[in-house]
Amino acid sequence: MTLEATSPGASYGSTASGSSFYAAMRILPHDQREAMFQIYSFCRQVDDIADSDGPREERLAALQAWRTDIDALYQGNPPPRLKDYVASVKTFGLKREDFLAIVDGMEMDVPQDIRAPDMATLDLYCDRVASAVGRLSVRVFGLPEEDGIQLAYHLGRALQLTNILRDIDEDAGLGRLYLPREALLHAGITSNDPNRVIAERALPKVCLPLAQRAKVHFEKSDEIMNRNKRRTVRAPRIMSKYYHSILDLLIARGFNAPREPVRVSKVTRILILLRYAFI
């Protein structure tokens, strides 16, 4: 359940799309809200390292420093930048391995830019940059253990696949291509050069099956949320509805070039909030 994953890949810094995250989190009680903003801040900081234009060696070292700090936090000696996390980790049982998975996911773009990963690698990437965030989040929201893990699995992948489909052109401008190799080859696209791939006439044959995969994950996540208390799943429900709207807009627009950016209208955002925030 990515916290406002935007381009490139899983970026956490977009003010425009960040509005859905803030809207979803502001409805939470104070302790939950503080924990979620801490998780968001952590994701933002490690993502900024991965997406900076600094030397790759320096970025790898900076991400390793975060791993060291996370270990120190869980050993009872939190560094200054993680001191505020102590209470949230204890109150909500946040797992060290999920924080580390997020760092690992961000790092996947650092040694070299991701270009047409195989499906297994793409799924691992989604798990680390999105579902790991979800595993932290569902503990804060208070979902039962098994349902929480399953919601993080399905909604995280739904959101991240939607991001990938939305940000094809922007990612290509950064030298990245997250579309899976198997789907490209099935569509007759043999290149992994991002700028060449996004100009291919066969691109919809790659994107539409990926959109359908995202839809299935949205459906599975809806099933899980439907069997839990409405108040417990308010925040993930808002995120889900917002991103499902983006996916519907992408499918309606199509994936042939040129691709106009899609945005969820203010009216739609307000209607989502009115329906799911106030229970």
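A disulfide is a pair of cysteine sulfur atoms within 2.5 Å. By that cut-off, this predicted model holds 0 disulfides. Cysteine 207 shows the reason: its sulfur is 14 Å from the closest cysteine sulfur, in cysteine 126, and that is too far for a bond.

**Cysteines**

- Cysteine 126 is in no disulfide, and its nearest cysteine sulfur is that of cysteine 207, 14 Å away.
- Cysteine 126 has 2% relative accessibility, so it counts as buried.
- Cysteine 207 is also buried, with a relative accessible area of 0%.
- Helix α11, residues 203–226, is where cysteine 207 sits.
- Beyond its neighbours within four places in sequence, cysteine 207 is in contact with Leu165, Ile168, Leu179 and Phe255.
- Alanine 187 is 20 residues from cysteine 207 along the chain, and their C-alpha atoms are separated by 10.0 Å.

- Helix α2 runs over residues 30–51 and has 22 residues.
- From first C-alpha to last, α2 reaches 31 Å, close to the 32 Å expected at 1.5 Å a residue.
- Buried residues of α2 include Gln32, Met36, Tyr40, Cys43, Asp47 and Ala50.
- Two packed helices are described by the angle between their axes and the distance between the axes.
- For α2 and helix α3 (residues 56–74), the angle is about 155° and the axes are 8 Å apart.
- Angles over 145 degrees count as roughly antiparallel, so α2 and α3 are roughly antiparallel to each other.
- On the α2 side, the contact is made by Phe42, Gln45, Val46, Ile49 and Ala50.
- Their partners in α3 are Arg59, Ala62, Leu63, Trp66 and Ile70.
- By type, the residues of this α2 and α3 contact are 8 nonpolar, 1 polar and 1 charged.

**Aspartate 222**

- Aspartate 222 is found in helix α11.
- Buried means under 20% relative accessible area. Aspartate 222 has 16%, so it is buried.
- Not counting residues up to four places away in sequence, aspartate 222 touches Arg237, Ser240 and Lys241.

**Threonine 162**

- Threonine 162 belongs to helix α7, residues 145–166.
- Threonine 162 counts as buried because its relative accessibility is 1%.
- With residues up to four places away in sequence left out, threonine 162 touches Ala214, Phe218, Tyr243, Ile246, Leu247 and Leu250.
- Alanine 202 is 40 residues from threonine 162 along the chain, and 19 Å separates their C-alpha atoms.

**Backbone features**

- Most residues other than glycine have a negative phi, and most peptide bonds are trans.
- Alanine 116 has a phi near 50°, a positive value in a residue other than glycine.
- Alanine 116 lies in the loop between α5 (96–107) and α6 (119–141).
- Relative accessibility at alanine 116 is 4%, so this residue counts as buried.
- Alanine 257 and proline 258 are joined by a cis peptide bond, with omega about -5°.
- Proline 258 is in the loop between α12 (234–253) and α13 (266–276).

Notes. Residues are numbered from 1 along each chain as its sequence is written. This is a predicted model: local features need pLDDT of at least 70, side-chain atom pairs count only at pLDDT 80 or more; totals for chains, interfaces and linings use all residues. Side-chain values use heavy atoms; hydrogens and water are left out. Helices (H or I, at least four residues) and strands (E, at least two) are DSSP runs, numbered from the N terminus. Buried means under 20% relative accessible area, exposed over 50%, partly exposed in between (1.4 Å probe, protein chains only). Contact means heavy atoms within 4.5 Å. The expected span of a helix is 1.5 Å times one less than its number of residues. Axes are lines fitted to C-alpha atoms, for helices over the stretch in contact, and angles run from 0 to 180 degrees between N-to-C directions. Angles under 35 degrees count as roughly parallel, over 145 as roughly antiparallel, 65 to 115 as roughly perpendicular and the rest as oblique. Ala, Val, Leu, Ile, Met, Phe, Trp, Tyr, Cys and Pro count as nonpolar, Asp, Glu, Lys and Arg as charged, and the others, Gly among them, as polar.
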